[in-house]
Amino acid sequence: MTSIIKLHVFSGALDESPPCYLLQVDEFRFLLDCGWSENFDMTMIKELKRYVNQIDAVLLSYPDNIHLGALPYLIGKCGLTCPIYATIPVYKMGQMFMYDLYQSQHNTSDFDLFTLDDVDLAFDKITQLKYSQTVTLKGKGHGLQITPLPAGHMIGGTIWKIVKDGEEEIVYAVDYNHKKERHLNGCSLEMFNRPSLMITDTYNASYTQSRRRLRDEQLMTTILQTMRNDGNVLVAMDTAGRMLELAQLLDQMWRSTESGLSTYSLALLNNVSFNVIEFAKSQVEWMSDKIMRAFEDNRNNPYQFKHLKLCHNLAELSRIPEPKVVLASTPDLQSGYSRDLFIAWCGNSKNSIVLTTRTSPGTLARELIDNPQLRCITIDVQRRVKLEGAELEEYQRKKQDKGSNDSRSKIQQMTIEDESSDESEAEMDVDGLYHLKGKHDLMMKSEGKARTGFFKQAKKAYPMFHFHEEKIRWDEYGEIIKPEDYTIAEIVQPEEEVKKPEKGPEDEKMQEVTDLPTKCVSSTVTLDVNARIQYIDFEGRSDGESMRKILERVKPRQLVLVRGTPAATETLAEFCTSSSLIQGKIFQPKVGDSIDATTESRIFQAKLRDHLVTSLNFSTARDVELAWIDAQLNYIENDEPVDSNTLLEERNKKEKDSEIIPTLDCLPLNKVPTHTSVFINEPKLSDFKLVLLQEKIPCVFVAGVLICDNKVAVRRNKAGKIQLEGTLCNEYYRVRELLYQQYAIV
Amino acid sequence: MAEEVRTENVVIPAEEGEQLIIQPLGAGQEVGRSCIMLSFKGKKIMLDCGIHPGMNGYASLPFLDSVDVEEIDLLLVSHFHLDHCGALPFFLEKTKFKGRCFMTHASKAIYRWLLSDYVKVSNISTDDMLYSEADLVNSMDKIETVNFHQETEINGVKFWCYTAGHVLGAAMFMIEIAGVKILYTGDYSRQEDRHLMAAELPNVRPDVVIIESTYGVHIHEKREDREGRFTGLVHDIVNRGGRCLIPVFALGRAQELLLILDEYWSNHPELHDIPIYYASSLAKKCMSVYQTYINAMNDKIKKQITMSNPFVFKHIINLKSMEQFEDIGPSVVLASPGMMQSGLSRELFEAWCTDKRNGCIIAGYCVEGTLAKHILSEPEEIVTMTGQKLQMKCSVDYISFSAHADYQQTSEFLRELKPPHVVLVHGEANEMSRLKAALVREYEDNEEYKMDVHNPRNTVGVELHFRGEKMAKVVGSLAAQKPKDGQQISGILVKRNFNYHVMAPEDLPNYTDLAMSTVTQRLSIAYTGTIPLLQFYLTQLAGDMEHIKVKEKPALRVFKSVTIIFDSTRMVVVEWTSNPVTDMYADAVVTVILRAERDPMPQKAVPRAIRVDKHHFQECMLDMIQEMFGPDATSKLIRGDKMTVTVDDNTAIVDLDTLEVTSASESLQSIVHTAVNRLHQAVTPLKS
């Protein structure tokens, strides 16, 4: 009868860390999002690791690293194996986000938290869904249904609805945006009515936005001014989420002839820009109605850019004439091209730097937003540099050593049959890179036909990569096996091979970089910030005011508030308490907390006998029909004569073999108890006035009291109930009759 | 027990709308103008709204007159072919249809251009135009889009769609009304091809399947063989220095052929100097749709898109007009229309058919009476558009690429779904009856599973009966305890669409957006009499009366629900909370007040209220019994609380305290019981 609902918070509660929660519904455990902060915080992962075996499914809501960043690590390094659910765009764009993140990190540092293979592995596990596609879980999750619903914010953004037994409704809605945007529709939260539990963030609870138009204009003027002064504009954007909105906005600006921008350059710079735009082009059905209509009517694909140039590295960018506006990832300026450009451009007062998102505290972008007066900053600059001179020699010598070591160990293996070949295994790790390379090489060949354009130089440089085919060695028991071939990570590799085409660009990139011996150097520099730095909100989240309105509409029975500063969470909680919106509890867990939102779900199913239903008098109220029912529960199966067409019934019978569903049957007439009539669906006095006027009864409002024909008064008494008052006259009874008609009386 | 027996025997009248009626308005024993009506439980749904390609103007419409268009709630369109959506602008713009219309994204995008092309063509050929370009543009606003698998609910009708194969965006609709599921396949193909997925197998079992029967009992050639034969033929023709003409319908299968040819050319560099032309402006327009809705295609294409868009062809040249076309040496030309009725494909055929090196490959379904069908019989001569006779020397081959299910696919599909009812549509009468016979034969000997196959003609409805069970969910405090056998449940039944919930009135706001409410009434009546006078009259009406004070004013409370406040010497206020019973009490009280007002008695003359006690009642009863059954029926003596009534030889004993009557004779018992109760109600004042 009771379904257990618990929520454990790994991250993202009473602070601004990325969301990651474990929701338990009865025996089934959902991981709701698994974000990773910009600086790859390990404490949360450590905690999460302990629960990895318990997770039965992962639900992802947005494609950015704040919402799914830890996924590759969890799959690749922690052995998470459960199914993952996400919408198609979250799947596609999420992959782009992860590739870009990896590449951005890899370009400047020795990044080893996850590899591109982990990303592929993780995304292979994703079940791709459409909006409003209900998935009925099986096995342990029997009776649970999950449905993704549009959330706005980013393409494919999802509000998750989890329904238990068709009654208990849990809504997980974070970072939603109710407003229509250029490329996205608003969220569809208003379709919820009284869910039993709602989990929502308070990120923007005490935040007010200026109007969209103002923000657009602000961006426009910044760009125009900087361009006219011969400066460059850096817009720090994410890889494939909010970027789509801004890219479209800017391309539109460039197209309009009055803007006078068309002489300047506009570029999109991230490691996967070509693919992101290609994917965006094929996801028109996930975008706003306006875009869909434009496409249907005129076949205008909004991501068929006229002015926006796609760049994949700084060299490509440098070919674009200045002055230019560059949309570069990442938004936090912690890594990626946006950081490189920031370092390059921040010293020149002609340049402008536009920040579009309030990233986590501690990131460079956030620091700049919070301290707009900052004129001088000290940051670490990491770079990957080619090895030169002595180092290069050292590297080559080591490589040779390794080679000889390798062959030596092979010989050892052949002679000494020792299964614990630790040495060679350790070398495998180092050598693993080449191992993989060999496989990629095969794909490159078929790729040759594809005109992906921008990889050409890479291809020319390395049309083929040497591939060591290892000789198969035999002993008297057969082929010598390598245990590492049978570890979990390796098992999935065949699948990966199939997937390879998708990650073509990155592989080559990686190759290009890793192929030459490089090392990462880091230095601390102090930079003068002379460029104009501006924060213009393009986050695409609902603001505090709207959040409150939406909550008023949704009226969840219980509420869990997560992710937001303590102050913001407090504001929203207070609002909910004071307006008595929520009947049940309002939870404000903090990181590491577990809350128990178990409610007694009182529900059972019963069949309705047909003659019981036909005997009822239904009255309508809004979209429902209501009737008073007096019935008796019967557990006995009475088989009615089944005519040939009632196979449906037969099937139902088969289905419920496991449990007998009681029947609700008519009570014998003499046993029917009396009941007091219930008046349902109170009308508004103003609506009632219209009804009266329609019946040609003159009526006016006097101090909140509806006076009809100067004889009858309809008012709300102190308890808020309607009171009818008047002298004994015909009008009194007429008004009363009309009033009764407004109710459903059962 | 008597009641229970009675209810068992009652013949339950078939509730209105338990009949599911499936009525083809088009595509019933024919191919073309698909339009099928479903009606169940008062919901009316139309599936597809096409035109007959072989007819013109109003004659080509489905039989829309036989239904009330205004009542239709929902129109679902399976794909963009003319015989499935051709009448849509007419239906949406020129009829009284008020419902909603849905199709998939890709279908809608192509619909716009395909019909626009059709409007242009039909403008030339017929005068009675069904709709104009403007109607088409307006109709776009009324069409809503759905994604595959996305569940939508409109007024209790739930539907979602599955991939159907056939063409880009083609959908099979699953419609659920009150638990009964109906699957409409539209045109479907269970074979995966170059760019499309095979039709999905729904994971829920439908109760009725409405299925196409275009190919009847035919079995298709295997895809590899077919493609091999096709590319081989094309290669042969160009190798012998000939020109290869492939007449195609602009959209749908043409894209598949282009993909095959493009790949074949890529793999055969020796062919690179032979051009492939594709001459269709419509196809060019819709290419961007194909380039965009990649997600509706198969995995192979989805993978490929990450490298390069497969619909950006490398070896195919788009011909804008014939002027561009230089007819020098061997070439491959795909041209519309597919059946060479007129237009470019006809022109090219007439120009090329006299050279035996040339070849023509017919790749789709052709209708009787078209040139394409004619040349398949390999005639010596053909007649040109201008009436000339030409010798036909070129080779003609037929390879069917049309993506309709064959018998094997249909049979397997139905075997998996095991629907109790199958309705065949979209097939020539003969093919359809052969398919029906074959399906029936297949399950002839099956004891466990029976399949009813129907093949209705146009406008003839198939009536199926579903006594779908009504399941109610008992929620809230009513379900606080585990349900027991025989437990009584009283509460409010809430019916929304086809879902039933039973709950206590107090739980209403928890589970619905409705709330329980009350209405209080205050009625002022002029009354100048005294309190005792009114009290006197009221005692005659009501048994229990209390004296209370309301706001320092004397008041009487009767029936425990109606309060009479003596507001002033001239006025009383009657106050109560509405509900049918209290309203009645209040009305009675009001009558009494009016009576007291009209019939004033001096205060002193107010008689003492008649005390209605047991003694008085007994007297009355004796009188009544004697009047009813004669003076001898009962003794005048009453022993204890019992009274004996003897009629003929039957005796009944009346318990005066409880008013229970016991007798050996049932009829006497009921007569006496009724009489005693009525008397009691009449004599004693009411108690609430």
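Colleague: Which residue of β31(A) is the bridge partner of A:C699?

Modeller: The partner is A:C708. Please keep in mind that this is a predicted model, in which local features need pLDDT of at least 70 and side-chain atom pairs count only at pLDDT 80 or more, while totals for chains, interfaces and linings use all residues. Residues are numbered from 1 along each chain as its sequence is written, chains are lettered from A and ligands numbered from 1 in the order in which they are written, and side-chain values use heavy atoms, with hydrogens and water left out.

Colleague: In which sense do strand β30 and strand β31 of chain A pair, and over how many bridges?

Modeller: Strands (E, at least two residues) and helices (H or I, at least four) are DSSP runs, numbered from the N terminus, and two strands pair if DSSP finds at least two bridges between them. Here β30 (residues 699-702) and β31 (residues 705-708) of chain A are antiparallel, with four bridges. Two residues lie between these strands in the hairpin, where A:A703 has a positive phi near 50°.

Colleague: Is A:T222 buried or exposed?

Modeller: Buried means under 20% relative accessible area, exposed over 50%, and partly exposed in between, with a 1.4 Å probe and protein chains only. A:T222 counts as buried because its relative accessibility is 1%. By contrast, A:D230 at 52% counts as exposed, and B:K551 is exposed at 72%. A:T222 is part of helix α6 (residues 212-228) of chain A. Leaving aside residues up to four places away in sequence, A:T222 touches A:S352, A:V354, A:R532, A:Q534 and A:I536, where contact means heavy atoms within 4.5 Å.

Colleague: At what angle do the axes of helix α15 and helix α16 of chain B cross?

Modeller: Two packed helices are described by the angle between their axes and the distance between the axes. Axes are lines fitted to C-alpha atoms, for helices over the stretch in contact, and angles run from 0 to 180 degrees between N-to-C directions. The axes of α15 (residues 531-541) and α16 (residues 580-598) of chain B come within 10 Å and cross at roughly 140°. The two helices are therefore oblique to each other, since angles under 35 degrees count as roughly parallel, over 145 as roughly antiparallel, 65 to 115 as roughly perpendicular and the rest as oblique. The residues making this contact include B:L533 and B:Y537 of α15(B) and B:V592 and B:R595 of α16(B).

Colleague: How many nonpolar, polar and charged residues has this contact of α15(B) with α16(B)?

Modeller: Ala, Val, Leu, Ile, Met, Phe, Trp, Tyr, Cys and Pro count as nonpolar, Asp, Glu, Lys and Arg as charged, and the others, Gly among them, as polar. The contact of α15(B) with α16(B) has ten nonpolar residues, no polar ones and one charged.
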